[in-house]
Amino acid sequence: MADNVKQEDENIHAREEGGDDEEEISAMKRRVAEMEAEAAKLREMQASLDQQDQDLREDREDIDARSIFVGNVDYGASPEEIQAHFQTCGSINRVTILLDKFTGHPKG
């Protein structure tokens, strides 16, 4: 009789553990599904960033294709004077005069 009670207790305990296992497996499956959804979001974000990077690269290439460097410019020249000088060549979007970072004077 004692053996039957002991066996029954072991069976009840095994069923309880089986229930815990089911809950644990279910929780793991939910977590895996959440991780897969997060991975999909990350792949979308990466694709978006890759596209933006490609667009920026094309923009830079386009800007570089339309840019020129002019050296040996008089130190006293202003951006307005340079723009007026090259106006006959076409539309000027921007004039940049490089400055010495220590003195703040044009590099020429």
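Trainee: What should I keep in mind before I start?

Mentor: This is a predicted model, so local features need pLDDT of at least 70, side-chain atom pairs count only at pLDDT 80 or more, and totals for chains, interfaces and linings use all residues. Residues are numbered from 1 along each chain as its sequence is written, and side-chain values use heavy atoms, with hydrogens and water left out.

Trainee: How do you know that the chain has 2 helices and 0 strands?

Mentor: Helices are DSSP runs of H or I with at least four residues, and strands are runs of E with at least two, numbered from the N terminus. By that rule there are 2 helices and 0 strands: α1 covers 2–65, and α2 covers residues 79–86.

Trainee: Why is the contact between Arg 31 and Glu 34 called a salt bridge?

Mentor: A salt bridge needs a side-chain nitrogen of Lys or Arg within 4 Å of a carboxyl oxygen of Asp or Glu. Here the N to O distance is 3.4 Å, so the pair qualifies. Both residues lie in helix α1, 3 residues apart, about one turn of the helix.

Trainee: What makes Asp 53 and Arg 57 a salt bridge?

Mentor: Their closest N and O atoms are 2.6 Å apart, so the pair passes the cut-off too. They also lie in α1, 4 residues apart. The count comes to 2 salt bridges.

Trainee: Why is Arg 31 called partly exposed?

Mentor: Buried means under 20% relative accessible area, exposed over 50%, and partly exposed in between (1.4 Å probe, protein chains only). Arg 31 has 44%, so partly exposed is the label. Glu 34 at 46% gets that label as well, as do Asp 53 at 34% and Arg 57 at 36%. Of the 108 residues of the chain, 2% count as buried.

Trainee: Is Asn 72 buried or exposed, and how do you know that?

Mentor: Its relative accessibility is 80%, so Asn 72 counts as exposed. Asn 72 sits in the loop between α1 and α2.

Trainee: What makes the phi of Asn 72 worth a look?

Mentor: Phi there is near 55 degrees, a positive value in a residue other than glycine. Most residues other than glycine have a negative phi.

Trainee: How do you know that the lining of the largest pocket has 14 nonpolar residues?

Mentor: Ala, Val, Leu, Ile, Met, Phe, Trp, Tyr, Cys and Pro count as nonpolar, Asp, Glu, Lys and Arg as charged, and the others, Gly among them, as polar. Sorted that way, the lining divides into 14 nonpolar, 7 polar and 4 charged.
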